[in-house]
Amino acid sequence: MDAAVAAAAEARERLRASFASGRTRPAAWREAQLRGLLRMAAEMEDDICAALHADLAKPQTESYVHEISLVTTSCKFALKNLKKWMKPQKVPSRLLTFPSTARVAAEPLGVVLVISAWNYPFLLAIDPVVGAIAAGNAVVLKPSEVAPVTSSLLADLLPRYVDASCVRVVQGGIPETTALLELKWDKIFYTGNSKVGGIVMSYAAKHLTPVVLELGGKCPVVVDSNVNLHVAAKRIAAGKWGCNSGQACISPDYIVTTKSFAPKLLESLKKVLGKFYGQDPLRSPDLSRIVNSNHFNRLRGLMDDETVAGKIAFGGQSDEQQLRIAPTLLLDVPLDSAIMKEEIFGPLLPIITVDRIGESFAVINSMTKPLAAYLFTNDSRLKQQFERNISAGGMIFNDTGIHLTNPHLPFGGVGESGMGAYHGAFSFDAFTHRKAVLDRSSFLGEARARYPPYTPAKLSILRGVLKGNPMAMVQAAVGCTGGRRA
């Protein structure tokens with residue numbers, strides 16, 4: 001542990017020296033690093049896909065569409081908007097400070113720590129780094145050791161494509177992460193589960209370090225009976241099993257629909273899953289595997305729960321040697337069962353039934369606030385009620401997961417699903433201090449009434465100025481004090 005602490009401290013101090021030199025502040029430096037990341041994504045696409053397949057058996061299509069292309073989009077969007085983001089924003093002055101000008105300056109925070117997750121190990125490592133670099137910071141990236149091949153690849157690639165004096169990769173497990181968290185940073189950006197998020201926050205609190213926590217939760221899907229059933233089933237399946245076999249923070253965690261509609265929805269999902277993954281989904285090349293045996297056993301435990309095992313309506317097959325679990329639908333599992341108490345983060349999808357679709361709100365609000373909430377309906381009034389009554393990090397009507405592809409939308413949680421947001425300009429803001437700057441460019445315009453010795457007459461003038469009284473403003477501007485000169 002002592003060696004880990006020393007290595008972490010050494011990495012941070014080198015970056016702090018680079019930041020203090022001003023190296024990261026110019027737009028030209030930031031643009032060069034972003035272009036380096038773009039080249040890395042393009043030139044090393046095959047290596048990145050191979051690493052993602054080694055860690056998760058992730059299909060090439062998912063690797064490109066869900067990871068590499070999103071990093072590329074982030075870099076291009078930042079390059080297009082960087083100078084606009086960096087430009088100080090002029091704001092109005094007040095007569096109270098006349099003559100003066102006022103602006104808000106975008107200031108880099110300093111040296112920041114990014115701790116990324118294993119489920120999208122390329123995207124969730126590089127995307128926050130894009131924002132940190134765009135904002136002019138030096139960065140330490142700690143990739144997840146649960147995706148070791150991708151972690152090793154990032155450690156190899158980043159020094160070849162970005163400035164290694166300002167961007168460092170630290171590999172390792174719990175000892176190395178703990179050593180990093182012991183140090184003072186100017187911001188910590190963590191992606192992962194809420195339990196570890198709490199640990200990160202407790203370490204940050206020791207140094208009053210601000211944090212962004214990108215966590216997760218149980219993302220609900222409410223399905224009304226007036227939808228195009230086949231399209232809805234495809235979009236739910238794509239957001240669940242087509243996103244790393246459900247190992248995604250915005251993956252649908254459970255469905256709520258009416259008792260009368262559930263059989264139709266169940267049959268439609270079965271047909272879609274058969275078409276997507278065939279009759280033997282455990283052999284499908286289009287379905288990611290479970291990341292490791294610990295997570296496999298956790299998911300099997302959720303299915304084998306005596307209150308749940310008899311509720312499996314489709315799927316349930318598994319192969320422990322290959323770490324594969326088939327897409328599994330469960331009908332009317334108890335709300336107090338383990339599968340409904342924790343984030344599933346895998347290919348299991350419970351369907352909860354209610355008498356009326358409006359009762360779904362109470363089911364959702366009985367749980368912690370999710371990272372995303374989805375509603376399938378053609379009823380505009382139901383959409384309004386859902387948006388008004390359901391608190392979630394993000395919300396989509398009639399689809400799942402795709403809101404994160406829009407760089408104009410913030411991506412982040414609320415409550416136990418996280419704090420802070422990123423993507424697009426929100427990534428820049430996450431790693432920026434907005435500094436208030438007021439410039440009194442002249443030594444004229446002295447309001448002598450503001451200075452001691454205080455008198456009732458001075459207070460009368462100041463009261464008038466603060467209330468916007470024109471006569472008082474004139475008195476203050478010409479230096480009236482209502483008595484002797486100050």
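**Figure 1. A mixed open sheet of 6 strands in the predicted model.** This view comes from a predicted model. The strand order is β5-β4-β3-β6-β7-β17, and the pairing is mixed. β5 (167-169) and β17 (418-419) are the edge strands. Each of these two pairs on one side only.

**Figure 2. The parallel pair β3 and β4.** Strand β3 covers residues 111-115, and strand β4 covers residues 138-142. The two strands pair in the parallel sense over 5 bridges. Strands of a sheet pair through backbone hydrogen bonds, either parallel or antiparallel.

**Figure 3. Helices α5 and α7 on the sheet strands.** α5 lies across β3, β4, β5 and β6. The direction of α5 runs at about 170° to β4. α7 also packs on the sheet, where α7 touches β3, β4 and β6. The direction of α7 makes about 150° with that of β3.

**Figure 4. An antiparallel open sheet of 3 strands.** The order is β1-β2-β18. β1 (89-91) and β18 (432-439) stand at the edges. Each has a single partner strand, so one side of each is left without a neighbour in the sheet. From one strand to the next, the twist averages 30°. Strand β2 (residues 101-108) is joined to β18 by 8 bridges, and the two run antiparallel. Arg-103 stands opposite Val-437 in β18.

**Figure 5. The crossing of helices α3 and α6.** Two packed helices are described by the angle between their axes and the distance between the axes. Here the axes of α3 (residues 45-56) and α6 (residues 148-161) come within 7 Å. They cross at roughly 150°. Angles over 145 degrees count as roughly antiparallel, and α3 and α6 are therefore roughly antiparallel to each other. On the α3 side, the contact is made by Asp-47, Ile-48, Ala-51, Leu-52, Ala-54 and Asp-55. On the α6 side, Pro-148, Val-149, Thr-150 and Leu-153 make the contact. By class, the contact residues divide into 7 nonpolar, 1 polar and 2 charged.

**Figure 6. The largest pocket.** This pocket holds about 1200 Å³ of space. Its lining has 42 residues. Closest to the centre are Tyr-190, Gly-192, Asn-193, Ser-194 and Val-196. α8 gives the most, with 5 residues. The lining has 18 nonpolar, 15 polar and 9 charged residues.

**Figure 7. The second largest pocket.** The volume is about 720 Å³. The lining has 35 residues, and the closest to the pocket centre are His-66, Tyr-120, Cys-243, Gly-401 and Leu-404. α4 (60-86), α5 (123-134), α9 (229-240) and α10 (262-277) are the elements that give two or more residues to the lining. α4 supplies the largest share, 7 residues. By class, the lining divides into 18 nonpolar, 12 polar and 5 charged.

**Figure 8. The largest cavity.** A search of the whole structure finds 3 cavities of 30 Å³ or more. The largest cavity holds about 80 Å³ of space. Ser-74, Phe-77, Ala-78 and Trp-85 are among its lining residues. The lining also includes Asp-127, Val-130, Gly-131 and Ala-134. His-423, Gly-424, Ser-427 and Phe-428 are in the lining too. α4, α5 and α14 (425-430) each supply at least two lining residues. The lining divides into 6 nonpolar, 5 polar and 1 charged.

**Figure 9. The second largest cavity.** About 40 Å³ of space lies in this cavity. Its lining includes Gly-217, Cys-219, Lys-240, Gly-246, Ala-248 and Cys-249. Ser-251, Pro-252, Asp-253, Glu-343 and Phe-345 also line this cavity. The class count is 5 nonpolar, 3 polar and 3 charged residues.

Definitions and conventions. Residues numbered from 1 in each chain as written. Predicted model: local features only at pLDDT ≥ 70, side-chain atom pairs only at ≥ 80, totals over all residues. Heavy atoms only, no water. 1 Å grid on protein atoms, 1.4 Å probe; cavity = no way out; pocket = protein on both sides within 12 Å on 5 of 7 lines; lining within 4 Å. Points joined across faces, edges and corners; volume = space filled by probe spheres on them. Helix = DSSP H or I, 4+ residues; strand = E, 2+ residues; numbered from the N terminus. Nonpolar A, V, L, I, M, F, W, Y, C, P; charged D, E, K, R; others polar. Axes fitted to C-alpha atoms, helices over the stretch in contact; angles between N-to-C directions. Parallel < 35°, antiparallel > 145°, perpendicular 65-115°, else oblique. Contact = heavy atoms within 4.5 Å. Pairing = 2+ DSSP bridges.
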